[in-house]
Amino acid sequence: MEYDKCRRCEINYKPKQDEYCSVCLAELKGEFYEEDSDLLCPFCYKNKLDFDEIMCKRCWLKRHKEQDYDK
């Protein structure tokens, strides 16, 4: 089976015979993809993040302590 990029989003791949990728098809039908509300920290991949966090509290504290030692 041959694949090419979706012409709508230009991110996802789709079979050549399909017009759009599965994500775009769902959006066009009104079935919006909702990301999982339990996002994991991108640094440790263990702890869950709150909505406005970019890293978990444990990783933040660890990085903060490392910066203090570098002075």
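**View 1. Aspartate 18 sits in a loop between a strand and a helix.** Aspartate 18 is found in the loop that links β2 (13-15) to α1 (22-28). Helices (H or I, at least four residues) and strands (E, at least two) are DSSP runs, numbered from the N terminus. This is a predicted model, in which local features need pLDDT of at least 70, side-chain atom pairs count only at pLDDT 80 or more, and totals for chains, interfaces and linings use all residues. Residues are numbered from 1 along each chain as its sequence is written, and side-chain values use heavy atoms, with hydrogens and water left out. Why does aspartate 18 count as partly exposed? Because its relative accessibility is 33%; buried means under 20% relative accessible area, exposed over 50%, and partly exposed in between (1.4 Å probe, protein chains only). Aspartate 4 is 14 residues from aspartate 18 in sequence, and their C-alpha atoms are 9.6 Å apart.

**View 2. Cysteine 6 is buried in a loop.** The loop between β1 (3-5) and β2 holds cysteine 6. Its relative accessible area is 1%, so cysteine 6 is buried. Which residues does cysteine 6 contact, leaving aside neighbours within four places in sequence? They are Asn12, Lys14, Tyr20, Cys21 and Cys24. Contact means heavy atoms within 4.5 Å. From cysteine 6 to cysteine 24 is 18 residues in sequence and 8.3 Å in space, C-alpha to C-alpha.

**View 3. Methionine 1 belongs to a nonpolar surface patch.** Methionine 1 lies in the segment before β1. At 70% relative accessibility, methionine 1 is exposed. Together with Tyr3 and Tyr13, Met1 forms a nonpolar patch with about 430 Å² of accessible area. Patches are made of residues with over 30% relative accessible area and no salt bridge; like charges are joined within 9 Å, nonpolar side chains (Val, Leu, Ile, Met, Phe, Trp, Tyr) within 5 Å. A salt bridge is a side-chain nitrogen of Lys or Arg within 4 Å of a carboxyl oxygen of Asp or Glu. Accessible areas come from the Shrake-Rupley method with a 1.4 Å probe; for residues, only the protein chains shown count as cover.

**View 4. Glutamate 53 reaches aspartate 50 and lysine 57.** Glutamate 53 is in the loop between α1 and α2 (57-69). Its side chain reaches the backbone nitrogen of aspartate 50 at 2.8 Å. The glutamate 53 side chain also makes a polar contact with the side chain of lysine 57, at 3.3 Å. A polar contact is a pair of N or O atoms within 3.5 Å; within protein, one must be able to donate a hydrogen and the other to accept it, and residues adjacent in sequence count only if both atoms are side-chain atoms.
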